[in-house]
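These are my notebook entries on how two chains are built and where they meet. I begin with a pair of packed helices and then turn to each chain.

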Amino acid sequence: MDDATINQLLIIVGVLAGLLIVAPGLIWLERRLLALWQDRYGPNRAGPFGLLIVLADTLKLFFKEDWTPPFSDRFVFTLAPGIVVVTVLMSFIVVPFAPGVIVADLNIGILFFMANSSLGAYSIILGGWASNNKYSLLGSMRGAAQMISYEVFMGLSMMGVVLLSGSFSMHTIVEAQKGMWFVIPQFLGFVTFFIAGIAETHRLPFDIPEAESELIAGFHSEYSGMKFGIFFVGEYLGIILISTVTVALYFGGWLGPSFLPPLVWFILKTFGFICFFILLRASLPRPRYDQLMEYGWKILLPLTLLNLVVTAGVVLLNRGI
Amino acid sequence: MFSILQSLWLVFLHMFHKRETVQYPEQKNKLPTRWRGRIVLTRDPDMGERCVGCYLCAAACPVDCISLQATEDENGRRYPEFFRINFSRCIFCGYCEEACPTYAIQLIPDFEMGEYNRQNLVYEKSELLIDGPGKYPGYNYYKVAGLAIGGKGKGEAENEAPPIDVKSLIP
């Protein structure tokens with residue numbers, strides 16, 4: 001094998017291993033941060049700062065009874081948790097972590113990301129459907145409606161960035177932010193994209209498919225053991241994904257003052273967004289289902305369209321028609 | 001919209017607040033003296049058992065976790081032959097303490113009674129009886145009651161007048 005291939009393999013393994021190690025670590029981070037913002041300590045007993053809680057949780061999940069309800073559709077029931085992890089991991093293919101550190105710099109990067117994150121909705125729908133349980137079904141129906149309606153303007157909000165940089169490739173988009181991060185000209189786009197991203201990962205305040213207080217656990221009510229664990233890993237991977245994509249599209253990716261290496265800049269910015277996700281969970285209540293739909297279709301969609309039209313107009317003017 | 005940002009900011013500021021958690025096994029809360037915890041049987045200042053075996057605590061107990069058998073010693077003093085509290089049933093309501101006419105049964109601020117074996121939660125008199133007066137120092141039931149026992153005849157209690165001979169005509 002030549003050096004380029006080995007390098008490529010190293011990147012693939014590194015990204016995969018890094019993500020799968022960080023995703024369970026986020027459980028610890030989330031619990032500690034939530035505790036911090038609620039004046040508590042959170043898990044602080046097992047190991048330094050309670051870090052070993054991750055290990056304990058994983059072991060517990062492995063030893064729990066992995067029960068498949070007899071009334072469920074076994075094949076789909078088993079398949080559903082896998083889908084969310086696979087699609088999210090697939091999306092990471094196009095995320096540029098640093099110059100050259102990208103699994104595949106597809107020239108349709110953003111579209112690829114969109115496609116995969118849409119496929120993630122199948123995990124919710126199939127999981128809820130195969131559980132054959134009314135709460136699960138309600139959760140998955142809500143999830144499907146939510147993801148479809150928020151995906152519409154998620155795509156549209158990213159188009160502003162595409163217009164400015166003239167490319168669908170994430171690598172090129174980051175390069176195009178050398179002068180100014182896109183968060184400044186595309187602030188509206190950033191806000192709408194981020195809101196859509198929260199809805200896409202069905203995190204609080206948009207955790208309507210799960211909604212503990214209304215639907216037990218929504219689409220994964222019937223899941224236990226490691227299948228449930230995989231849903232969770234998928235959710236945390238989704239948080240990382242939305243954070244990385246936000247950083248790459250709007251916050252200049254790896255760009256930053258040169259006293260830190262590019263990869264560190266990228267990780268720092270991503271970490272900031274992950275913390276913001278958790279802050280959102282700590283502070284905001286869940287909207288009602290119809291309110292969620294209303295925000296999506298009546299407020300955010302027109303806003304993104306407006307943003308898109310204005311951006312396109314400005315780009316055209318700058319070219320001097 | 002503004003309120004959402006405001007609540008985000010206010011929650012963020014909680015980062016710099018003091019944490020409210022009490023790190024329990026290392027750090028203990030101070031419990032008020034009236035806290036209803038473990039049940040004890042107390043003694044009067046002369047180290048005699050206060051319990052007179054009247055069964056009022058057992059009757060008051062809503063979960064029937066108290067069982068005892070009263071008996072009498074050679075002085076005519078009543079005391080429980082055995083006194084058993086099943087703490088796996090006890091709900092720490094404190095009714096027994098309220099019912100007790102002699103302040104014998106008391107609930108104290110202690111709750112660390114965990115056991116691996118449920119049977120160990122059944123406390124016998126040897127575990128319940130403490131060598132002290134508990135919350136009522138100085139109170140001695142037999143010293144204020146009109147009952148005659150060995151060593152204390154009729155009319156010898158505190159604030160008690162000698163008995164009147166009803167058959168005598170002398171005023």
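Leu279(A), Ala282(A) and Ser283(A) of H10(A) meet Ser7(B), Leu8(B), Val11(B) and Phe12(B) of H1(B); two residues are in contact if their C-beta atoms, placed from the backbone, lie within 7 Å. I sorted this contact by class and recorded five nonpolar, two polar and no charged residues. Ala, Val, Leu, Ile, Met, Phe, Trp, Tyr, Cys and Pro count as nonpolar, Asp, Glu, Lys and Arg as charged, and the others, Gly among them, as polar.

The model is predicted, and local features need pLDDT of at least 70, side-chain atom pairs count only at pLDDT 80 or more, while totals for chains, interfaces and linings use all residues. Residues are numbered from 1 along each chain as its sequence is written, and chains are lettered from A and ligands numbered from 1 in the order in which they are written. Helices (H or I, at least four residues) and strands (E, at least two) are DSSP runs, numbered from the N terminus.

I noted ten residues from chain A and eleven residues from chain B in the contact. On the chain A side, helix H1 (3-37) and helix H10 (262-283) each supply at least two residues. H10(A) gives the most to that side, with three residues. By class, the side of chain A that touches chain B has six nonpolar, two polar and two charged residues.

I checked the length of H10(A): its 22 residues should span 32 Å, and its end C-alpha atoms are 32 Å apart, which agrees. The expected span is 1.5 Å times one less than the number of residues. Buried residues in H10(A) include Trp265(A), Phe266(A), Phe273(A) and Ala282(A). A residue is buried if 20 or more other C-beta atoms lie within 10 Å of its own, exposed if 12 or fewer, and partly exposed in between, with C-beta atoms placed from the backbone. The cover over the buried residues of H10(A) includes H1 and H9 of chain A and helix H1 (2-13) of chain B. In H9(A), 23 of its 26 residues are buried. Just after H9(A), Gly252(A) has a positive phi of about 70°.

Entry 5, the chains. Chain A has eleven helices and zero strands, whereas chain B has five helices and five strands. How do the elements of chain B run along the sequence? I read the pattern as α-β-α-β-β-α-β-β-α-α. The radius of gyration of chain B is 25 Å, well over the 16 Å that the globule rule gives for 171 residues, so chain B is more spread out than a compact globule. The radius is taken over C-alpha atoms, and the rule is 2.2 Å times the number of residues to the power 0.38. For chain A, with 321 residues, the radius of gyration is 20 Å, which agrees with the value near 20 Å for a compact globule. I recorded 44% of the residues of chain A as buried and 16% of those of chain B.
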